[in-house]
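Please look through the structure shown below, and then follow the questions and answers on its strands and aromatic rings.

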Amino acid sequence: EYGLGESTYIAAAVGVPRYVGIDSDAEWVAKARDAAPIHFQFYLGDIGPTREWGFPTHPKLAKSVIQYELAPLWMEAKAFDVYFIDGRWRPATVLLSFLHASARGGDPKKTRVGIHDYGGRPLYHRLENILEKLEFPD
C-alpha cells in the first residue's frame, strides 16, 4: 500500500495475511505500526520534509521519487494479489506495482491495483490507455 491511513486499519481488522505499506510521513508510519498486527511491514519513503497530506516541501530533492516508489517493492520476492495506491506519484506507482507483480511471478490477469480518489483526477485516467479499468458499484 502506498500511503497509509484508514485502509491500513481496515487491512488489519479483516486479517490481511501479508501486508507492506509505505508513507512519506514518519508520524503516520509510527502510528500505523503501533496499531497493526506484528506481521505487517512498514517503510518510510524519505522524501524530505513534508507538508499536509505528505506533499514534499522540497520536490526537487534528488532522493524524493525513487526511494518512495521502489522501497516497498525491493524487498518483496513474491507478487501481491492486490496493490493499493493512496499516496504520492500515483500513476508511476501503479505502473511499478504491475511491473513488480510481473517480475515476481504474479498473474497479470489476476493482479489488481486500486487507486484511491481516482474519479476526479483526469491525469490518472491516462492509465486507461494501457490498463483495463474495472468498475465497482458504490
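Q: In E2, which residue is the bridge partner of aspartate 23?

A: This is a predicted model, in which local features need pLDDT of at least 70 and side-chain atom pairs count only at pLDDT 80 or more, while totals for chains, interfaces and linings use all residues. Residues are numbered from 1 along each chain as its sequence is written, and side-chain values use heavy atoms, with hydrogens and water left out. E1 (residues 20-23) and E2 (residues 41-44) pair in the parallel sense over 4 bridges, where strands (E, at least two residues) and helices (H or I, at least four) are DSSP runs numbered from the N terminus and pairing needs at least two DSSP bridges. Within E2, the bridge partner of aspartate 23 is leucine 44.

Q: Is the pair of tyrosine 19 and phenylalanine 40 stacked or tilted?

A: Rings of Phe, Tyr and Trp (its six-membered ring) pair if their centres lie within 6.5 Å, and planes under 30 degrees apart count as stacked, over 60 as edge-to-face and the rest as tilted. Both tyrosine 19 and phenylalanine 40 are buried, meaning under 20% relative accessible area, with exposed over 50% and partly exposed in between (1.4 Å probe, protein chains only). Because the ring centres of tyrosine 19 and phenylalanine 40 are 4.4 Å apart and the planes lie at 20°, the pair is stacked.

Q: Which residues form one aromatic cluster?

A: Tyrosine 2 is buried, with a relative accessible area of 3%, and tyrosine 68 is buried as well, at 1%. One aromatic cluster is formed by Tyr2, Tyr68 and Trp89.
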